[in-house]
Amino acid sequence: MPRQPSLRRRLILTAAPLALAGLVLAGCATQTAATAGSTTADDTTTTETAAVVDSDLSAAAVLAADADVTVVEDDEWSEADAEDITLDGSTASSDSDAVTVDGTTVTIAAAGVFRLSGALDGQVVVAAPEDAQVVLILDDAEIAASDSPAITVTDADDVALFLADGSRNTVSDASSYADDAAANAAIYADADLTLSGTGTLAVSGNGGDGIASTDDLVILAGEITVDAADDALRGKDSLTVTGGTLDLTAEGDALKSDQTDDATQGFVAITGGSVSATSGDDGIAATTDAVITGGTVALTAGSDASTSDDSPKGISAGVVVAIDGGEVSVEAVDDAVHSDGSIGIGGGTVTVSSGDDGIHAEQRLEIREGDVTVAESVEGLEATDVAISGGTIGVTSSDDGVNGASGTATDGQAGGGTGGGGEQDTGETITISGGTLRVASAGDGLDSNGSISITGGTTVVSGPSSAGGQGAVDSNGTITIDGGEVFVAGSVLVAPTGAQHWVAATASGSTGDTVEVTDAAGAVIATFEADQSFGVVFYSGPAVDDGASYTIAVDGVSAATVAEGVNVSSGMGGAGGAAGGGGGRRP
């Protein structure tokens, strides 16, 4: 039973009445949690403390900090040892001393390998010693239970379900369960559970979850379809998918791990395979971490924001979301990717559409590598600290494109302002040191309640197409450009500080128009395409010289000749010319 290595862990405190012991889930951390108190109507004071996460947001570091995962590999047992269990309507038969049949209930009471074939209108129960490893080979097995789970593990150490080559298997359970029922899934294991094999398995979770384990749930292989009245897959301690083809439909969460007693557990990890999931609530719901390093993941969470009480999110984690590989696509009524702690993207392809934020972290959002597309959102990328050091990123938003804002900011501080105007710098940051970022926004393109620093990479901001108090690049603190290239086709922009020079001009154009910046010798030093209509343009790059003169052209037609570092008023109307954050003015 191989296990993953475990190295270190973070601390997370959840909301709890002060009369109760605070829930401390683990060890070392590199950031300090923020605490706030509140009093409810019954005078019970609660303390809400944000998740505290380690500084390394790579998937490898996050998984190393998580608990060991128990898995039954296929080479740990042999089909040659299998004892047959023949299912026959309302009864079954077997020559194994470990198997008993009582009416419609088949009970396996010892370790071993067992092959189930045929159809049973009843249930299969594994009640083996607590140190037993039990393997169930499903070989054209149909198990339908009318008042219980179809397969129940009450006692065992580790259980594996193996889908025989070429087999087609189905399980279904009761249409409802009592509110206090412990076993409430079509396949329910009070033990570690592994699924593998090359056959197919169709699971109907009529009364609750589809497949559930109170410990680790691991899927290695198989073609598995789950339709569940609640959660499709739930591993309380952890849920891991390394292979297989999963087609999940759930009225609740599609993939879930909800352990709250141990901060090294409660995580969902997808390292391979193909996962397609449609859920009424979250696509992936992890108490601690949601990690994706490979495979194909397609999530649709919720369908109608006006009728949803749960604000369905595509990927939701209490501590860290780490995506370092794979192909991930998300459509969500609420945030597409959300963490109460931090989010790290270091590879793979991520494409999201959301009814709220595209990618949202309460603490830090970092993109180091990968292809990231926010195709539809209210705010595209949002966190207290947003750091982009690599990758190719495209953001489309109906409000701010990239927003440096914390959950403690007031409405008056939460971006969308006029580039300062006396608003307080509350310490949030947007830092761009590499990669390619392209933003098309109806609100501010880049907006920080604190500061914005650009030292590398390529940043293209289109929008807003009209001023209306919104700025293309806007902060309550300083806007510093010390490297990279920054292109803006929008309305208004706060004049930056920093060592790198810039030019700005009043020049109008439409979506798809090409903007060129030409030096006095006639050489084109910069060119880019606008993604929205615009009234002013701005460029900062290494080819801009101090005090030099430049011509701005739109689709080959000269619009203005301007000097480096000279501000201009907005060509779209609105709040141009106001004092900007960090002492700058709108060019």
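## Salt bridges around arginine 115

In this predicted model, the side chains of aspartate 139 and arginine 115 meet in a salt bridge, with N and O 3.0 Å apart. The two residues come from distant parts of the chain: aspartate 139 is in strand E10 and arginine 115 in strand E8, 24 residues apart.

Arginine 115 also forms a salt bridge with glutamate 79, where the closest N and O atoms are 3.0 Å apart. This pair too links distant parts of the chain, since glutamate 79 sits in the loop between helix H1 (59-65) and E4, 36 residues from arginine 115 in strand E8. Arginine 115 has a relative accessible area of 18% and is therefore buried, the cut-off being under 20%. Glutamate 79, at 38%, is partly exposed. Together with Asp84, the residues Glu79, Arg115 and Asp139 are linked in a network of salt bridges.

Strand E8 (residues 112-120) runs parallel to strand E4 (residues 83-89), and 7 bridges join them. Across this pairing, threonine 86 stands opposite serine 117 in E8.

E8 is also joined to strand E10 (residues 133-144), again in parallel, by 8 bridges. Here the bridge partner of glycine 112 is valine 134 in E10.

## A further salt bridge

The model has 13 salt bridges. Another of them joins arginine 368 and aspartate 324, with 3.0 Å between the closest N and O atoms. Arginine 368 belongs to strand E34 (residues 364-376) and aspartate 324 to strand E30 (residues 320-332), so the pair links distant parts of the chain, 44 residues apart. Both residues are partly exposed: arginine 368 has a relative accessible area of 21%, and aspartate 324 has one of 24%.

Phenylalanine 487 and phenylalanine 528 form one that is tilted, at 4.9 Å centre to centre and with 55° between the planes. It links distant parts of the chain, with phenylalanine 487 in strand E42 (residues 479-490) and phenylalanine 528 in strand E45 (residues 524-529), 41 residues apart. Phenylalanine 487 and phenylalanine 528 are both buried.

Phenylalanine 487 forms a tilted pair with tyrosine 539 as well, at 5.0 Å centre to centre and 45° between the planes. Tyrosine 539 lies in strand E46 (residues 534-540), 52 residues from phenylalanine 487. Phenylalanine 487 counts as buried because its relative accessibility is 5%; tyrosine 539 counts as buried at 2%.

## Threonine 459

Threonine 459 lies in strand E40 (residues 451-462) and is buried, with a relative accessible area of 0%. Leaving aside neighbours within four places in sequence, threonine 459 is in contact with Ile432, Leu437, Leu446, Glu485, Val486 and Phe487.

## Nonpolar cores

The largest nonpolar core has 107 residues. Leu116, Ile211, Leu233, Leu255, Ile315, Leu381 and Leu446 have the most contacts inside this core. One of them, leucine 255, touches residues including Leu233, Val241, Val268, Ile284 and Leu299, not counting residues up to four places away in sequence. Apart from this core lies another, of 21 residues, among them Phe487, Ala507, Val544 and Tyr550.

Definitions and conventions
Residues numbered from 1 in each chain as written. Predicted model: local features only at pLDDT ≥ 70, side-chain atom pairs only at ≥ 80, totals over all residues. Heavy atoms only, no water. Pairing = 2+ DSSP bridges. Helix = DSSP H or I, 4+ residues; strand = E, 2+ residues; numbered from the N terminus. Phe/Tyr/Trp six-rings, centres within 6.5 Å; stacked < 30°, edge-to-face > 60°. Buried < 20%, exposed > 50% of the residue type's maximum accessible area, 1.4 Å probe, protein only. Contact = heavy atoms within 4.5 Å. Core = buried A, V, L, I, M, F, W, Y, C linked by side-chain atoms within 4.5 Å. Salt bridge = Lys/Arg side-chain N within 4 Å of Asp/Glu carboxyl O.
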